[in-house]
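This briefing describes parts of one protein chain. Please look at the sequence and the 3D structure first, then read the points below.

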Amino acid sequence: MKVKNSVMPHERSTARPRRGHAAGVVHVRRQLRWDIEGRPYFWLPKGRKTREVRLPANLALRTRAHFRRFPSTSCTLPWRNPEAPTTALEERQRKPITVDLILTSSHGNRIYYRTWNDRSWKRALAAAGLIKPVGEKVRHDGDRIRRVPRYAARREDMFHVLRHTYASVQLEAGESVVSLSKWLGHSTPKVTLDHYAHFMPGAGQEGSPRWTPGCGIPTRRRRGAGWRSTSSSAEARLPSSHLTS
């Protein structure tokens, strides 16, 4: 969760979004990434698009409580590319920026997404009985020996699954595909439909009943102690050509 320079979980960021919890909005502005050599930098969110996401009132309260309990930590990193600039243009493009991180390690450092997956997310899945340990990894930190459990976790079990969970819950609740597409940062609503159309169980069942009153089809309305059938007066107002086409 973020509130100043936020991104969705799968975007591997701990950057804080703009404080929009009072208005019920999260402003997604940037994400924290790592290059192939493990060097961190800030860059635009998924699809290189900034966006705004609705924030439920109860989640806004929990966010505010989190900020009070765990103050943010400033972090300065290059923008766009961690490589040292070789031209004046690259120097401007990669100029470091400072961002407040709301999620940090116990030492106040930025969180590497793989470390978080291994030490927090997978352990939570194991505690819930969703994955099982298959061994352990031994690490030597100076004079200390640390034994870290290894789990049989599939790629689809990783933290990115929360993004799919969010999308499926929104669609099953009847949220607009167009709105969800904007919140997820998809290029078009078609991308959203291609991924999540199967989470719309009511598709094709909602429109027809709404046409019933306007098509002159009798519906039952309760009046007093009895029942009577009524039909819409719309049919009487429409020309015959509209009724036969």
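Buried means under 20% relative accessible area, exposed means over 50%, and partly exposed lies in between (1.4 Å probe, protein chains only). Helices (H or I, at least four residues) and strands (E, at least two) are DSSP runs, numbered from the N terminus. The model is predicted: local features need pLDDT of at least 70, and side-chain atom pairs count only at pLDDT 80 or more, while totals for chains, interfaces and linings use all residues. Residues are numbered from 1 along each chain as its sequence is written, and side-chain values use heavy atoms, with hydrogens and water left out.

**Strand pairing**

- E1 and E4 run antiparallel and are joined by four bridges; two strands pair if DSSP finds at least two bridges between them.
- Val 26 stands opposite Val 53 in E4.

**Helix H4**

- Helix H4 (residues 161-172) has twelve residues, and at 1.5 Å a residue it should span 16 Å; its end C-alpha atoms are 16 Å apart, which agrees. The expected span is 1.5 Å times one less than the number of residues.
- The buried residues in H4 are Arg 163, Ala 167, Ser 168 and Leu 171. Seen down the axis of H4, the buried residues fall within an arc of 130 degrees, so they line one face of the helix. The arc is that of the directions from the helix axis to the C-beta atoms.
- The cover over these buried residues includes strand E4 (51-54), helix H5 (177-184) and helix H6 (189-196).
- After H4 comes Gly 174, whose phi is positive, near 95 degrees.

**The largest nonpolar core**

- A nonpolar core is a set of buried Ala, Val, Leu, Ile, Met, Phe, Trp, Tyr and Cys residues joined through side-chain atoms within 4.5 Å.
- The largest such core has twelve residues, among them Val 26, Val 53, Ala 167, Leu 171, Trp 183 and Tyr 196. E1, H4 and H5 are the elements that give two or more residues to this core, and H5 gives the most, with four.
- Leaving aside neighbours within four places in sequence, Tyr 196 is in contact (heavy atoms within 4.5 Å) with His 164, Ala 167, Leu 171, Leu 184 and His 186.
- Apart from this core lies another, of eleven residues, including Trp 34, Tyr 41, Leu 101 and Tyr 113.

**Thr 192**

- Thr 192 is found in helix H6 and counts as buried because its relative accessibility is 1%.
- Not counting residues up to four places away in sequence, Thr 192 touches Val 177, Leu 180, Ser 181, His 186 and Ala 197.

**Aromatic pairs**

- A search of the whole structure finds seven aromatic pairs. Rings of Phe, Tyr and Trp (its six-membered ring) pair if their centres lie within 6.5 Å; planes under 30 degrees apart count as stacked, over 60 as edge-to-face and the rest as tilted.
- The rings of Trp 116 and Trp 121 have centres 6.1 Å apart and planes at 20 degrees, so this pair is stacked.
- The rings of Trp 116 and Phe 159 have centres 4.7 Å apart and planes at 55 degrees, so this pair is tilted. The pair links distant parts of the chain, 43 residues apart: Trp 116 is in helix H3 (residues 113-127), and Phe 159 is in the loop between strand E8 (144-151) and H4.
- Trp 116 is partly exposed at 28% relative accessibility, Phe 159 is partly exposed at 22%, and Trp 121 is buried at 14%.
- Ring pairs also link Trp 34, Tyr 112 and Tyr 113 into a cluster.
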